[in-house]
Every structure is written in C-alpha cells, then in structure tokens.
Amino acid sequence: MNSPAAAPASSPPLPAYGTGSLGEVVPSILAALGETGLEDVLGLGELSAACLFLVDGLGWDPLARGVPEAPFLSEAASRDRSITTGFPSTTVTSFASLGTGLPPGRHGLVGYTVAVSGYDRPMNVLRWTLTGGGPSVDLRTELPPEEFQPEQTLFERAASHGLRTVTLGDRDHARSGLTRATLRGAVYGPVYSPGDVAAAAGEELRAGTRLVCAYYPGLDFTGHLRGPASDAWALELGHVDRIASDLADRLPAGAAMIVTGDHGMVEVLEEQKIDLA
C-alpha cells in the first residue's frame, strides 16, 4: 500500500519527487506490468495485473497509527511504505502527477484555482470553470484540456503500446476537464456506489484488463464536511477499508492492489485559522 504522508502541519515532509512521490506510482505499476522504458521505482516487482485504488483524502498517518475502523489498511500500513504527495497537495495537482508521472512544475496544473491569461476571474481547475464572484462558465471549449495540459499521459502511452487501461469513477467525471487533462487514454467506466467500485474493478481484472484505476471520493468529502478528526470521518474510513478488502479478495493470481491517496488531511483548530477576507 502506498499512500501520501499526512504529517503534522509543523513538519510537513518534502515531496520525494523521482524517488517516492505520486509521480512514481503509475510508472512503477506499468514497469511492473512489463512496459519498457519505465522504471519500477517503488519496487513493486513483476505483476500480471494491478488495481490502483485511489482514495481521495487518504493520508498515511492515521493508518500508520492504527485506526480501529480500518484494520485491513492499518495492517497493510504496518508493513508497507509511504510516499509523498506533491506541492501543492490538492486533488488537481495530484491527479496530474498520477496521470503524467511528472511533478507539478512540469505538467502545469499547479493549483485548485489558477489565474488564466485573458480572463478577469480565476479558473477552478477541478471543475474547469470560471469561478469567484460571477456565474460558473464552462471552459472546456475555450481552454481544451488536451491543450491546457499537453503532456502525454501514461494512459495514452500505454494505449499506444496496446495496453488497455480502465479508470473507474463517478459518471459525471467521464468527460470532465480534469479527466481529459490527466486520465485521457484510459477507458472510463462509471461506478455508482462503494460496492460497485469493488465489483467493477474485479470484473475488469477477471476479463483481462491489466491495469484498473478505481477512484473513491467519499473520504475527502466527509473530511471537508465534518473534519478529519470526526467520528463521521473515522466511520467513512471504515467503509474505505471494506472496499479495499473486497478489492483484494477479487484480485486474480499474480495481480496486486496498490492503495494511495491524492493528499492527506489535517485538522486545523479554530485558533490556527487565518481569515484572509
């Protein structure tokens, strides 16, 4: 299991670009599947197939401490290694590093919102819209994701070599700007519930798909809504644990499951908050 570290705010780890960051995850998996020209930096070894379980908001620290609601993942954390997210540690930037194998300065998706030349409002890259003090304007036509992030994705590279990859996620994300910018080249499959994530991934692997990337957003949503120190977050982590266990049970012989988050979460106390407004 590989999951970005979520260290205390006072001592964040430096991104381990090139040796143990999100940018090394998919290249290592593809190398382990036999793709030439890529290095298995994470030491996964030879694999016949792989499932990358990407849990939004899953940091390393809670699992390393041993969370009673997540026995399966906590046990895996006790014997596996952590990796770091990049900077900034936000979904947009992390997805781009996962999809391209590049650090943020190379792929250019360097924030949740960014200033874009020619527009008087910032762009929300997660939604690919103009945001802030006005109507939400869809920018997928004016700023095509394939041009805004022109670097070849690892899934495009795999497809050009005849390797079919599948990504599983919410049906509304199938043609989103972020999906097109970071995951293009993979076949997108919609999933509708926690059980559907595990079932669909297992079906794809048993059908011969060699790399399945399954995405689950519920932990991050709960953390933003209730806080990562809340009972709700811990219980949601328990649901993530069950999905991971179910995925592991459905792996064919010679396959592996790699678990990672796009970033971790830390609790910020009221007295630590600064209202920039």
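What follows is a walk through the model, one selection at a time.

Before clicking, note that this is a predicted model, in which local features need pLDDT of at least 70 and side-chain atom pairs count only at pLDDT 80 or more, while totals for chains, interfaces and linings use all residues. Residues are numbered from 1 along each chain as its sequence is written, and side-chain values use heavy atoms, with hydrogens and water left out.

**Stop 1: a parallel pair.** Select residues 165-169 and 187-190: these are strands E6 and E7, paired in the parallel sense over four bridges. (Strands are DSSP runs of E, at least two residues; helices are runs of H or I, at least four; both are numbered from the N terminus. Two strands pair if DSSP finds at least two bridges between them.) Click Val166 and you'll find its bridge partner, Val187, in E7.

Is Thr165 buried or exposed? It is buried, at a relative accessible area of 1% (buried is under 20%, exposed over 50%, partly exposed in between, with a 1.4 Å probe and protein chains only). Beyond its neighbours within four places in sequence, Thr165 is in contact (heavy atoms within 4.5 Å) with residues including Phe155, Ala158 and Leu211.

**Stop 2: an open sheet.** Next, look for four strands in the order E2-E3-E4-E5, paired antiparallel. E2 (113-114) and E5 (137-138) stand at the edges with a single partner strand each, so one side of each has no neighbour in the sheet. E2 is joined to E3 (residues 123-124) by two bridges, and Thr113 has Asn124 as its bridge partner in E3.

**Stop 3: two helices.** Select 218-226 (H10) and 231-249 (H11): they pack at about 180°, axes 9 Å apart. (Axes are lines fitted to C-alpha atoms, for helices over the stretch in contact, and angles run from 0 to 180 degrees between N-to-C directions.) That makes H10 roughly antiparallel to H11, a label for angles over 145 degrees. Show side chains at the contact: Leu219 and Arg226 are among the H10 residues there, and Trp233 and Glu236 among those from H11.

**Last stop: Thr93.** Finish in helix H4 (residues 91-100), where Thr93 is found. Thr93 is buried, with a relative accessible area of 1%.

Note on methods: Parallel < 35°, antiparallel > 145°, perpendicular 65-115°, else oblique.
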